[in-house]
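Open your viewer and get ready to click along. Each stop on this tour gives you something to select and then tells you what is there.

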Amino acid sequence: MSKKPDMSDTNGHFNQAKILSTPPPCFSTGEVSEFARDLYGLDGAISLLGSERDQNFRIDTPSGDQFVIKIANSAMDPAILMMQVEALAHIAMVDPQLPVPRVLYSRNESALEKIQSDDGRSHMVHVLTYMPGLYPPDASTSSALSRPLGTCLARLALALRGFNHPAANYEFLWDLKQAAALRGYLRHVPDPGHRQLAGYFLDRFERVVLPEIPKLRSQIIHNDFAPNNLVVAEDNPEEIVGIIDFGDMIYSPLVMELAAPIAHMFRGQDDPLEIAVEIITAYHEILPLESLELSLMYDLIATRLTMLNVIASWRANLFPDNREYIAGYVDIVWEKLAAWRTLDPAEVTRRFFRACGFWESEDLIPSTRVPKETPSAQLERRARLLGPTAYLFYESPLHIVRGEGVWLYDDEGDRYLDVYNNVAHVGHCHPHVVKAISQQSRMLNTSTRYLHGLILELAERITRRLPEPLSVCMFVCTGTEANELAWRMAKLVTGNDGALITGHSYHGNSDATIGFSSEEVPREKLPTHVATLLAPLSNTNFREPDSGLGEAIQTLGERDHQPAMLILDSGFTCDGIYTPPGGYLRTLYVETRRAGGLCVSDEVQAGFGRLGQHFWGFEFDDVVPDIVTMGKPMGNGHPLAAVVTRPEIAEALAAETGYFNTFGGNPVSCAAGLAVLDVIEVEGLQHNALVMGNYLRERLLDLRKDYPVLGESHGAGLLMGVDVLNADGSPDSDLARRVMNHMRQNGVLIGTTGPSANVLKIRPPIVFNQEHAELLLASLVNALEKCA
Ligand SMILES: Cc1ncc(COP(=O)(O)O)c(C=O)c1O
């Protein structure tokens, strides 16, 4: 019988996570040689073997015997080591043919000995017979090894079935059933995309696997039955002749055992699913799996891959000198995890079921079992939590989870061509913008009361694109704030308090700017200091000879207000999307200034190159605004907006109250803004907007021959409105709405606009190309066929 080791120094308290963060022992071969002789009576040549957290040596005795001397990490609980050596004895008894090492007892007849290192730490030591053979080289961790591996693992699990030990239940990061604990380590994963991927699979683990764990048969398992812990015959790489590392043994659900080899075997495999099926079926032939176990396999494999990556990232940071050993493989494993994500869990599970002969287990397929919130439940929760003002697009609202370029992906993995979104101006999640935001977030983000170079660089690049004397740039976070600030300055500089807007405009959601939003507020409820004029064209394609500005100024006067500003959305987006005919703006600017007001160009929708021919909308006429406001596309989804004006206007504000905005112009926002400008310039996106806009207009003109319900297409570049008309030429908002919803059902997202809501609104990210245009047109034709 072996003697029990002295456990007095553990104080009964044991923290397994500590093992992974405690440096491995570092005994010299001289010291090892000395205690091998003293404690075990062993003499011979000592050589170092690899280990993640312990220290392993091989000793070759003169008689030709070989042993492995295993020095445990100082944080290792001796009771757990004892479990491991007792398990080896148990396996040898139950299945003597299984190639597991035998324990060498010390001169004290003990399976475990304690030694002291120079730094005063105690380490437990045990000695095992060496398993000769080859470690399967990476190339041979191929399908050839999968079946023998599955068989051998099943035999090992059977051999351990009757084994128990009081130390077998402990906290351990490498235990799959405890994978939720990995969340606490996600911050060590350097790449944000990887972090998100790991978070996604940990979410799934918690939703899919955790609730089932109490139902799973459990026992003490090996828990790291991966090719790197196996030895194969020198003359036959498919014959397993050694199982060599029992360091992760734990009491856990049996099925978790299978995830380790499958996850590890993925390295270098083109078809991971094939490997998984081979291992699982070979195992199943010896130790039949249960359908519930198989139904969790997709997520267990993903969780194991996640675990490998997250722990490696954490430990690589802790032990940078040993980074290669700890994390050398992680890039490949992240790739494998990303590839695994592209598979349909239901299909994978179905394949596992079929391979094991479960034809009747459809009800356990994950996609039907995942307690996913139904759309109606989510709508109800949304209405309750966000209130009745949080309205959604489309009769059948979309649940979008991912975006890339012009594409959006919903929670079912279906993709949609985004022809509506002017926020993701240079394409959803453009890598250059994402990188700029994440890099700057890692460096610094703070309020704007400190010197910083990025805010100046962005101000320079914005003002360079505007005519003199528009040279002062004030940063805010939203278009609303920008217009609010423009309004304050206009009132201050002019001493007036009236505003002139178009008849169906939108300029923001604040108390002042909602008053400038005749799209939202019925004409009769607009504040008395606001009067409306006509947008350049009516939505039935009738050109108004007179904008009605004179009457609007007169109306203000009758109410005792003089104009402080004329504010125009330069794309007239809510008015129906129009490009002002030459002279329109010029006349309005002259008249407004004559009445004492400033002219504000609201470029929140139309700015930043979308219009193709010009970078800003006001440039379609020969005018220079007093104030330019901008937002939406400026940060490609990051909240960033600005007001640019003349120095003396900004000085008037400074003399009155000054202006502070905690977030406006913070370093991260500026990094986003600069990256957006880079992309527009480098990818030639303004030109693309011009070319693609013209192409679409030509094609839409052709379509009008076959579909007379289509009226004129107006706007410029990739800001386009297409009229939908009744036979008598009047607006047909009902048809426009049906076309929009039909296209959404078929994977193309557009909107409607205009006072009669009969204008199809086409406003895609400006990376929109010809292929996307064809898809849009085909979808429109299809919708007209079905709806008109
Ligand atoms: C022309 C125009 N100005 C201002 C705004 C307000 O911008 P934000 O929603 O960023 O406050 C909008 C928003 O749609 C807009 O279209």
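Let's begin with a pair of residues: select Ile69 and, opposite it in strand E6, Val127. Before going on, note that this is a predicted model, where local features need pLDDT of at least 70, side-chain atom pairs count only at pLDDT 80 or more, and totals for chains, interfaces and linings use all residues. Residues are numbered from 1 along each chain as its sequence is written, and side-chain values use heavy atoms, with hydrogens and water left out.

**Stop 1**

Select residues 66-71, which make up strand E3. Helices (H or I, at least four residues) and strands (E, at least two) are DSSP runs, numbered from the N terminus. In E3, 5 of the 6 residues are buried, where buried means under 20% relative accessible area, exposed over 50%, and partly exposed in between (1.4 Å probe, protein chains only).

Two strands pair if DSSP finds at least two bridges between them. Strand E2 (residues 55-60) is also antiparallel to E3, with 6 bridges, and here Ile59 stands opposite Phe67. E2 and E3 form a hairpin with 5 residues between them, and Gly64 in the turn has a positive phi of about 100 degrees.

**Stop 2: the largest nonpolar core**

Which residues have the most contacts inside the largest nonpolar core? Select Leu156, Ile243, Tyr283, Leu294, Ile301, Trp340 and Phe352; the core they belong to has 103 residues. A nonpolar core is a set of buried Ala, Val, Leu, Ile, Met, Phe, Trp, Tyr and Cys residues joined through side-chain atoms within 4.5 Å. Helix H9 (residues 297-318) gives the most to this core, with 12 residues.

Next, center on Phe352. Leaving aside neighbours within four places in sequence, Phe352 is in contact (heavy atoms within 4.5 Å) with residues including Leu273, Ile280, Met297, Ile301 and Trp340. A second, separate core has 87 residues, among them Tyr416, Ala552, Val722 and Met743.

**Stop 3: helix H6, from end to end**

Select residues 256-265. This is helix H6, and because 10 of its 10 residues are buried, the helix is largely enclosed by the rest of the structure. Its buried residues pack against helix H4 (143-159), helix H5 (192-209), strand E7 (218-221), strand E10 (250-253), helix H7 (272-286) and H9.

To see the contact, pick residues including Met256, Ala260 and His264 of H6 and Met297, Arg304 and Leu308 of H9.

**Stop 4: helices H24 and H25**

Select residues 733-745 (H24) and 770-787 (H25), whose axes come within 9 Å and cross at roughly 125 degrees. That makes H24 oblique to H25. Among the contact residues are Leu735 and Met743 of H24 and Ser779 and Leu780 of H25.

Is Ser779 buried or exposed? Ser779 is buried, with a relative accessible area of 8%. Not counting residues up to four places away in sequence, Ser779 touches Met743 and Val748.

**Stop 5: a four-stranded sheet**

Strands E11-E12-E13-E23, in that order, form an open sheet of 4 strands with mixed pairing. The edge strands, each pairing on one side only, are E11 (400-404) and E23 (748-749). Strand E12 (residues 407-410) pairs with E13 in the antiparallel sense over 3 bridges, and Leu408 has Tyr416 in E13 as its bridge partner.

**Stop 6: backbone details in loops**

Zoom in on the peptide bond from Glu468 to Pro469: it is cis, with omega near 0 degrees. Pro469 sits in the loop between helix H16 (453-463) and strand E14 (472-476).

Move on to Cys429, which has a positive phi of about 50 degrees although it is not a glycine. Finish at Asp560, another non-glycine residue with positive phi, near 75 degrees. Asp560 is exposed, with a relative accessible area of 70%.

Methods. Axes fitted to C-alpha atoms, helices over the stretch in contact; angles between N-to-C directions. Parallel < 35°, antiparallel > 145°, perpendicular 65-115°, else oblique.
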